[in-house]
Amino acid sequence: MCGIVGYIGKQKAAPIILDGLERLEYRGYDSAGMAVYDGEKLNQAKATGRLNVLYNLTRGGQTLPGTMGIGHTRWATHGVPSTVNAHPHTNTAGTIAVVQNGIIENYQALRRRLESRGYKFASDTDTEVLPHLLDNYYNGDPRKAIIQMLQQITGSFALGIVFADHPDHLYSVRKECPLIVGKGEGEYFIASDVTAILKYTRDVVYLGNLEIADLTADGAFYFNIDEEEISKEVSTVDWDVSAAEKGGYEHFMLKEMMEQRQAVRDTLNPRLKKGEIVIEELKMTDEEIANVRKLFIVACGSAYHTGVTAKYIFENLARLPVEVDLASEFRYRDPLLEKDDLVVVISQSGETADTLAALRMASEAGCKILAIVNVVGSTIAREADFVMYTWAGPEIAVATTKAYSAQLIALYLLAMKFAGARGYLHGRKLRSMIDALTKLPDQIEMLLNNREELQRIASRFIAARAVFFIGRGIDYAICLEGSLKLKEISYIHSEAYAAGELKHGTISLIEDGTLVAAVSTQASLSEKLLSNIKEVKARGAVILSITTMGNTDIENESDYTVMLPETHPLFTDSLAIIPLQMLAYYIAVGRGCDVDKPRNLAKSVTVE
Ligand code: F6R
């Protein structure tokens, strides 16, 4: 949730740390801080609010000279956002500084123990126990002190650690939370997300759980909790720095929406070969696929919504029973898992704590796990049996758009692969579906180019108090995502409703002028939805419909209509979501919201 950046080398550390933190601000942004060694001691600067407060306070890092340091941008979990609670945290002498992402679960017991030994705490955070613990164990050897500290703490965390009397070393360790080491020329970086350091290097080392990095300007030494050296491979990240910059767009969200053609194409094309669907990553024979008893799809937030869509598609196309679960529910509901079930976990970040826990639980139950993930080398990608990457590139805006679209494509391909292996999809039907798939990127682009119309419609609803999204079948799944997009970035309350459910309660909330977005892309359900539109209209609703080209019945009942180009009915989510993303975006911009960093939210939720 929070962001970590550290630097050791020959350049000024503070501006590099600030630059990296700026790229991580989407992960957490209620306070920030840095500690930099100036040749004699560790100097700190901390500030509440957005990163630019820290930037101004340190004049772009100039007030913190030195070539080694650590920084952090925080999303408060333990203790309110304040300068005192901002990281880094230090021991009382200020000679050991620590930044942490994650949670130290046993911090209260540790704190009591340390306090009984005379340690004084300044903050309410769990992190502050770490520098005091290190201080407690430190007798001149940082590696030993770190190992002893690790033996005491429980939880999931990623740490950057510096010692004033070992100023040529920067230490880092992780357990469950993401952290990478970047290797430059005569310099090393640590970061909780590769986008923070892409500007400086694309050579990275993925630290494993409880692997410790001891970095100097000239080299890296990796060791485990038994202080045994371990060798680590350097991987090259193929994202380039422009992918993590706004590139002239006002917001990352807009830029990422506009990248959807590319994200969809990059996820699709490598898996279409000579009229066949080839998913090399899924190392299962057709026979093994055909023998899968049941599919569980598990994810959080928008990724869960792609799972809801996928359930309709798998069941329709491959005639395979599917259960879709929120990871936070699945992990505690004791699901009836059997060895020949396949569990598909979906995650953009590959680090979401609940999704990861669900993966582990299913894996322990003996199920094979297929992960659909965007971030290469992420924990979920590393722990799954099979990984199908969505090639959407880095997603910076908190609200997902292009990763969502890429996830849908991965799921369509998977469902088609299953349908083929189970004998339900071949010949003309397969060809026409592949044809529809290959048209999607350009159709998405066409809808994106129509954004001025959405901007005009959005301008009328900037003051809306509540918005309802209604649809049936797959259209209901689209509504779930459309509604989440709107509420998370514009703070307008919105609800997604299976249209047939309206009469069972929600319709009492419709009043004069309430905006109802009605999604109708399924010909077989169009008439039913038309009746639902009439019902809410009769109670004063204003209707924005998203429907397929030529559906004049729906258009005639609507105040505003967005027509979608023709595609296969099972793929309509990929098109219908575009105007809904745009609607959310332009309403949020019109309300002056911080679209890329909505309040209370962080991009990757690595705590439960
Ligand atoms: C909403 C959004 C979140 C994520 C959810 C899962 O716009 O982005 O709902 O979809 O937090 O995150 P990942 O996909 O990283 O597991």
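How many aromatic pairs does the count come to? The count comes to 11 aromatic pairs, where rings of Phe, Tyr and Trp (its six-membered ring) pair if their centres lie within 6.5 Å.

This is a predicted model, in which local features need pLDDT of at least 70 and side-chain atom pairs count only at pLDDT 80 or more, while totals for chains, interfaces and linings use all residues. Residues are numbered from 1 along each chain as its sequence is written, and side-chain values use heavy atoms, with hydrogens and water left out.

Start with the domains, whose bounds come from an automatic or database domain assignment. Colour 3-238 as domain 1, 247-449 as domain 2 and 450-593 as domain 3. The C-alpha centres of domain 1 and domain 3 are 45 Å apart.

Next, select Tyr7, Phe189 and Tyr200, which form one aromatic cluster.

Then show Arg143 and Phe223: the charged end of Arg143 sits over the ring of Phe223, 5.3 Å from its centre. Here "over" asks that NZ of Lys or CZ of Arg is within 6 Å of the ring centre and within 35 degrees of the ring normal. Go on to Arg599, whose charged end sits over the ring of Tyr491, 3.8 Å from the ring centre.

Conventions
Phe/Tyr/Trp six-rings, centres within 6.5 Å; stacked < 30°, edge-to-face > 60°.
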